[in-house]
Each structure stands twice: as structure tokens, then as C-alpha cells.
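Take a look at the structure below. Keep it open while you read, and follow each step on it.

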Amino acid sequence: MSKQTLIPVGPYHPLQEEPELFKLYCDGEIVKDVKWETGYNHRGIEKLAEQKSYDEVFFLVERICGICSTSHPFAFANSVEEIVGVEITDRAKYIRSIIGELERIHSHLLWVGLAGHFLGYNTVFMWAWKYREPVLDLFEMITGNRNSYAMFKVGGVRRDIENQKIPAIEEVLSLVKKKTDLLVGAVMDDPVIHARTKGVGILTKQDILDFAAVGPTARASGVDIDVRRDDPYAAYPLVNWKVITAEAGDVFAKAQVRLLEMYESISIIEQCLAGLKKEKEGEVDVLIKHIPEGYGIGRAEAPRGEVFHFVVSDGSNSPARHKIRAPSYTNIATFKKSCVGQSISDATISLAAVDPCYCCTERLAVALDRASGKRIMNAKEIINHSTELTNKLLQHE
Amino acid sequence: MFHFGGASCNNCDIEILACLTPRYDVERFGMLLVGSIRHADVLLVNGSINKKDKPRLLEIYEQAPKPVLVVAIGACGCTGGIFAEGNTFAGPVDKIIPVDAYIPGCPPKPEAILAGIVKLLGKN
């Protein structure tokens, strides 16, 4: 066996905005193996959620990830509403979908920019982020903040989108649509981008199924999954839209899926705005006095894939157990397939192609003995322990 | 400027990146994000600091050419924010390294980040 060189990427690497360590084991220019290390971003969110009331948990799960700061509250709201068994008003459904899709647009624009940056094509980075700003302005107008919108609550949304604001939203949407056309043109017709991304970081359909990858990563490899259609929630069953898929599975296909999804998002928002005009203003909220015992599963399609929240309620004011699974958690595992065998220069874009979100991913805790600092449990024991705990909670009901 | 993202939710990170992009364009004030702390005069720290980040933050601070200005960005950088009660929390930043400026907000707007850093530069 030839000698392998270890190239560390991270944890505080200028390319990545978030802390995460990738170890690329290379033979010459070719990546032979990749390992990653997380934990730089672990904040103990699931444990914190058990100390907070249901209203407060929304602010917490919103801060799991700043980019998908609607999808986590979305999934959490879905799961708690499943426990309560409440149906929210149509107006609240439309508003939820509008916020969710606006977030998808800004997140995909952000990804296109970062992908350009990873390719060394900073013009795309600057353009995409410039055109992302009007979307953030829109958020500021609707919700009062550029990120972390605090719009969701159990039983509806916190604020209404007044009908008088709708024309301003439509104006921004038409601007974003034009700029999307421009970006799609810039990416799809550029021979340099074709050369750098086509046939790079290929994930086959089987790889996706093996790693249980989700979201645009899966859809770019021809796996037709989307929680918005498969497990409908909010206003998605009320509007017309289609799931975008591609077959090639390379970085180019992933870019293609994301760019075309932006058009779908714009179309969904336009239909939701039309729906808003028909509903009565102010009916955005169902009063919920008590959250009964039980458990609920909430799923939502984040820009990166399926967000999964599992909440166990013991009838008190705060969740008894709150389990979160973010899309990047499974998507990051595909690096084992997409990067190995590539040259180092293509590895970075292959890493970026799944739009990894490390702050979503940090879910594992390691039990340490406080005095000696040694590990008390290994991974297997932790899994057994958590299964036991979950069973106990379920029996408790 | 060198950016250290602790255990953050990514919000402050993207707002810092947004400072570089055309709308805010931090370079017009002579500021540039650099790849290594050894080239930096300002250390931007955001996010709550967990047990794994703490020794690394200390090491990065040691490596920085002095004098270095440390800016704590966001509610988590300033106080630990919503994560201060978490079981892995080891911060806030000013308990670990000396901080020259605090920019609160969740996340602070790019304007606030720019204003904070420009004020700090004017003072020194």
C-alpha cells in the first residue's frame, strides 16, 4: 500500500463558516478516504428543550440552525399539533408555507453563492448574495428580523401578514424571479462550471438509499422524495407545484435541482398570497389551553431535506423528550461515497454539494465522568441507554 | 479579521459573510477576512463556546499577533444567549479571552457588525 497523506480541512477553515473537521486521506492528488469529526458545535439543545415551555422551545429550535430557522419550528409545530390533534386555520397554513418557501429561496441562493465560492468563482458568490438581500428585506418587513423569524407557535402563527403588504411581497418576488433567471443562465451555460461540476461527486440512486440521504441531495440522484408532497402539511396540499428531480447525481445536478426549486418556491408563494387574499385577516391562531399526554412526530422539508422532530409530552408545560434529526445528519455520511476517488480540488465542492449544515448535525452527546474526564459509555451503550429511556417514556403513557 | 465560529446557530456566521458581499462591502473600510489568525488584527468570535471549542479558542488567541482586537458577536458571543444553560456550555467569550467590543443581537444586522468594528477601529 502506498503512503497516504492526511489533509485536514477545518475545524476553523476559511472556506467553511462553521466548525467541522474533515480529514482527507490522500494518495498523491486522489482522495482515498475521508473521515469527519463533529462536536465543535454541540449545544445540548434536546436537553435544553426539556427545560423550556412549549412556547419557549420555538425560540430554541429556531436557533438550531440560522439558515433553516423555519423548518425546525415547522417540524416542532407539526409534532406538537399532532399531540394536541388540532387543525390550524387556512390563513395560518398559507403564512407558514410562505415563510417556509421564502426561506428555501434565500437558502438556495446562499448555497449557489457558497458553491461558486468553493469553486473559486467568487463572482457567483457576490451575485447570489446580493440577490439574496431583497429576500431578507422581505423577511424583515414581514417578521421583523432578517433571520430567526419567531413566526411559529402551537396552533398557528404569531403575526399575520396583512393584505396591504401583499403587493410589496409580489414586487420582490418578481425581482427575485428575474435574478434567478440570470443566475440559472450564468450557471447552466457556463463552460467552466460545467467542467468543474459535471461528473464530479456522483452519488448513485443506490448510494442515496444506502445512506438514507434526503432533500435535494437525494432528488438530484433520481430519488423522488419530498416531505411536502409525501406527508403533506401546512398549505402544500392546497397549491399546485411539482417536485424537481434530476438523474445524474453529480454536483451539477444538485445545483440544477436547487435552482429549479427556486422557481417552484416562487410559484408556491404566489399561490399562497392569492389564497391569503381570500381568507379573513387576523385569523391566524387557534387557542390551545393544554397539551395532553402523548407523543407526536413532526416532519418538514427544510431546504436541505427532511427535518424530523419527535416530541413526548407528559401533560406538563414542557416536552418530556424531544428528539431532533436534521437532514445534514444523513447527508454528510454520503461524503464517504462522493469524495473518495476524486482529486483534492474536487473534494471541496463535493463536500459543499450536499449543502451541509453542521450546526443542524450536532446531536450526539458523549457521557463523561466529571471527575476523571473518561468516557463512561461507548456509542453502542448510549444507543441502548436511549432506547431504554424511550421505552420507559412510552410505557409511562 | 479572522472569524472564529463557536457553537453557533450559523446566523451570525452568515451575517458576517453578508458583510463581505456587495450590499455591505466591508472592504471599503479597509477590512478583509483572512484565512489565518496570524494575518489578522481583529478576531471575530460568535456563538456560544462549548467545552470542545474552549481550548481551541484559547490556542487561536495565543497564535494571534498582538495587539489583537477581539469582538464578541451576537447574543451567544456576548453572554451565551439561549444556550447558556446548556450542559456543554463553557463560555461566554469574555470569561475565556479578553473582549474589546460586544455586538449584541440575535443575529446582529450586518449594519450593526460594521458599525461596531468601525467604532472599535476609530478608538484604537
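Two residues are in contact if their C-beta atoms, placed from the backbone, lie within 7 Å. Helices (H or I, at least four residues) and strands (E, at least two) are DSSP runs, numbered from the N terminus. This is a predicted model, in which local features need pLDDT of at least 70, side-chain atom pairs count only at pLDDT 80 or more, and totals for chains, interfaces and linings use all residues. Residues are numbered from 1 along each chain as its sequence is written, while chains are lettered from A and ligands numbered from 1 in the order in which they are written.

Start with chain A. It holds 16 helices and eight strands. Its C-alpha trace spans about 65 × 60 × 35 Å along the principal axes. Now take the radius of gyration, computed over C-alpha atoms; the globule rule is 2.2 Å times the number of residues to the power 0.38. For 397 residues, a compact globule would come out near 21 Å, and chain A agrees because its own value is 21 Å. How much of chain A is buried? A residue is buried if 20 or more other C-beta atoms lie within 10 Å of its own, exposed if 12 or fewer, and partly exposed in between; the C-beta atoms are placed from the backbone. By that count, 50% of the 397 residues of chain A are buried. Of the contacts in chain A between residues at least 6 apart in sequence, 70% join residues at least 24 apart.

Chain A also has assigned domains, whose bounds come from an automatic or database domain assignment. Domain 1 covers 45-332 and domain 2 covers 368-397. Their centres, taken over C-alpha atoms, are 32 Å apart.

Next, find helix α6 of chain A, residues 166-188. The expected span of a helix is 1.5 Å times one less than its number of residues. With 23 residues, α6(A) reaches 32 Å from first C-alpha to last, close to the expected 33 Å. Its buried residues are Leu173(A), Val176(A), Thr180(A), Leu183(A) and Val187(A). What covers them? The cover includes α4 (90-118), α5 (122-143), α7 (191-197) and α11 (251-278) of chain A.

One of these, α5(A), has 22 residues and should span 32 Å; its end C-alpha atoms are 31 Å apart, so the two values agree. After α5(A) comes Gly144(A), with a positive phi near 95°. Then look at Ser148(A), in the loop between α5 and β4 (152-153) of chain A. Its phi is positive too, near 55°, and Ser148(A) is not a glycine. Most residues other than glycine have a negative phi, and most peptide bonds are trans. Ser148(A) counts as buried because it has 20 C-beta neighbours inside 10 Å.

Turn to chain B. It has five helices and four strands. Along the sequence they follow the pattern β-α-β-α-β-α-α-β-α. The C-alpha trace spans about 40 × 30 × 25 Å along its principal axes. Of the 124 residues in chain B, 51% are buried.

Chain B has its own backbone details. Asn10(B) sits in the loop between β1 and α1. Its phi is positive, about 85°, although Asn10(B) is not a glycine. A cis peptide bond joins Lys66(B) and Pro67(B), with omega about 0°. Pro67(B) lies in the loop between α2 and β3 (69-73) of chain B. Another cis peptide bond joins Cys106(B) and Pro107(B), with omega about -10°.

Where do the chains meet? The contact takes 32 residues from chain A and 30 residues from chain B. On the chain B side, β1 (2-5), α1 (11-20) and α2 (53-63) each supply at least two residues. Helix α1(B) gives the most, with five.

Finish with the nonpolar cores. A nonpolar core is a set of buried Ala, Val, Leu, Ile, Met, Phe, Trp, Tyr and Cys residues joined through C-beta atoms within 7 Å. The largest has 140 residues, and those with the most contacts inside it are Val112(A), Ala128(A), Leu43(B), Leu44(B), Val45(B), Val71(B) and Ile73(B). Its largest share, 13 residues, comes from α4(A). Apart from this core lies another, of seven residues, including Leu203(A) and Phe211(A).
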